[in-house]
Amino acid sequence: MNKGQDDSFDMALANLELPTAAKIPKKENSQLAGKEDNLTIKTSCPSTSKSSVANPHCILVHPKQRGNPILKSILNAPLEFRDDIIPDYVVGRTTCILYLSLKYHNLNPDYICQRLKELGKQYELRVLLVQIDTPEPHNALKSLTRISLLADLTLMLAWNADEAGKMIETYKLFEKRPPDWIMERVESNPHQKLVTALSNIKPVNKTDAVTLLQNFGNLENLINASEDRLSQVIGLGPRKAKKLYKTLQEPFLAK
């Protein structure tokens, strides 16, 4: 991508309206809401027109995505093709996905800016899913990263069609999951905390950490052990012992 194309991106993005709150269509009446809540998950959803109500269990797909190989990888969530959506995929009431092949982006660098203008302020979580299908993606990714920052997009990278499809599927499957499903589990047990800390010293793994604590009893004895003594621990060996000893003997604070 040359400097002229870079400048055209900046000019186009300067005119983009950044998103605010998501626009969620209101249900027409309570009877319709009841029907929507009682819908069950199906293996596939029929194509629908603008007048029909979307199945909340389906991934909504723009018809232009028909034939995209990534759809073959979406096996655990039904698809519904709709011509009344702007993004390529809608995976929740406030979440949408724009799909972009990096090869296509290199040939049509203004395409993504036009799509963002069409999308406007809709949706709270706006994902730009980029499939890396070129041998030298770095320059294009730099431009797309800048676009994502300016347009409030979450940039996701997939290295093949199967991975891209699974990402879309995962967004839908985790639509209503609580945050703690993907949050790191914080250990509360002191012994487990120590095991975790020791296993962060490469190449020491958790099995090594447990074995070390069983042999030395506590952290103080472990720190005071010689390199030769550490190498005698079953499963550790000279290489791990040398790295562990060096790490444990380094000052806690840099001088």
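This is a predicted model: local features need pLDDT of at least 70, side-chain atom pairs count only at pLDDT 80 or more; totals for chains, interfaces and linings use all residues.

Colleague: How many residues line the second largest pocket, and which lie nearest its centre?

Modeller: The lining has 17 residues, and Lys64, Gln65, Asp88, Tyr111 and Arg115 are the ones nearest the centre.

Colleague: And which element gives the largest share of that lining?

Modeller: That's H4, with 4 residues. Helix H4 covers 111-119, and strand E4 (95-101) also supplies at least two residues of the lining.

Colleague: OK, changing topic. At what angle do the axes of H7 and H8 cross?

Modeller: Roughly 120°, and the axes come within 8 Å. H7 is residues 190-199 and H8 is residues 206-216.

Colleague: Why do H7 and H8 count as oblique to each other?

Modeller: Roughly perpendicular stops at 115 and roughly antiparallel needs over 145, so with a crossing of roughly 120° the pair H7 and H8 is oblique.

Colleague: Right-handed or left-handed crossing?

Modeller: H7 passes H8 in a right-handed crossing.

Colleague: Which residues meet there?

Modeller: From H7 you have His191, Leu194, Val195, Leu198 and Ser199, and they meet Lys206, Ala209, Val210 and Leu213 of H8. By class, that contact splits into 6 nonpolar, 2 polar and 1 charged.

Colleague: What about the loop between H7 and H8, where proline 203 is found?

Modeller: Proline 203 sits in that loop, and a cis peptide bond joins it to lysine 202, with omega about 5°.

Colleague: Last one: what's phi of tyrosine 123?

Modeller: Near 75°, a positive value in a residue other than glycine. Tyrosine 123 is in the loop between H4 and strand E5 (125-131).

Terms used:
Residues are numbered from 1 along each chain as its sequence is written. Side-chain values use heavy atoms; hydrogens and water are left out. Axes are lines fitted to C-alpha atoms, for helices over the stretch in contact, and angles run from 0 to 180 degrees between N-to-C directions. Angles under 35 degrees count as roughly parallel, over 145 as roughly antiparallel, 65 to 115 as roughly perpendicular and the rest as oblique. A crossing is left-handed if the near helix is turned anticlockwise from the far one by less than a right angle, and right-handed if clockwise. Contact means heavy atoms within 4.5 Å. Ala, Val, Leu, Ile, Met, Phe, Trp, Tyr, Cys and Pro count as nonpolar, Asp, Glu, Lys and Arg as charged, and the others, Gly among them, as polar. On a 1 Å grid over the protein atoms alone, a cavity is a set of points where a 1.4 Å probe fits but cannot get out, and a pocket is an open set with protein on both sides within 12 Å along at least five of seven lines; lining residues have an atom within 4 Å of a point.
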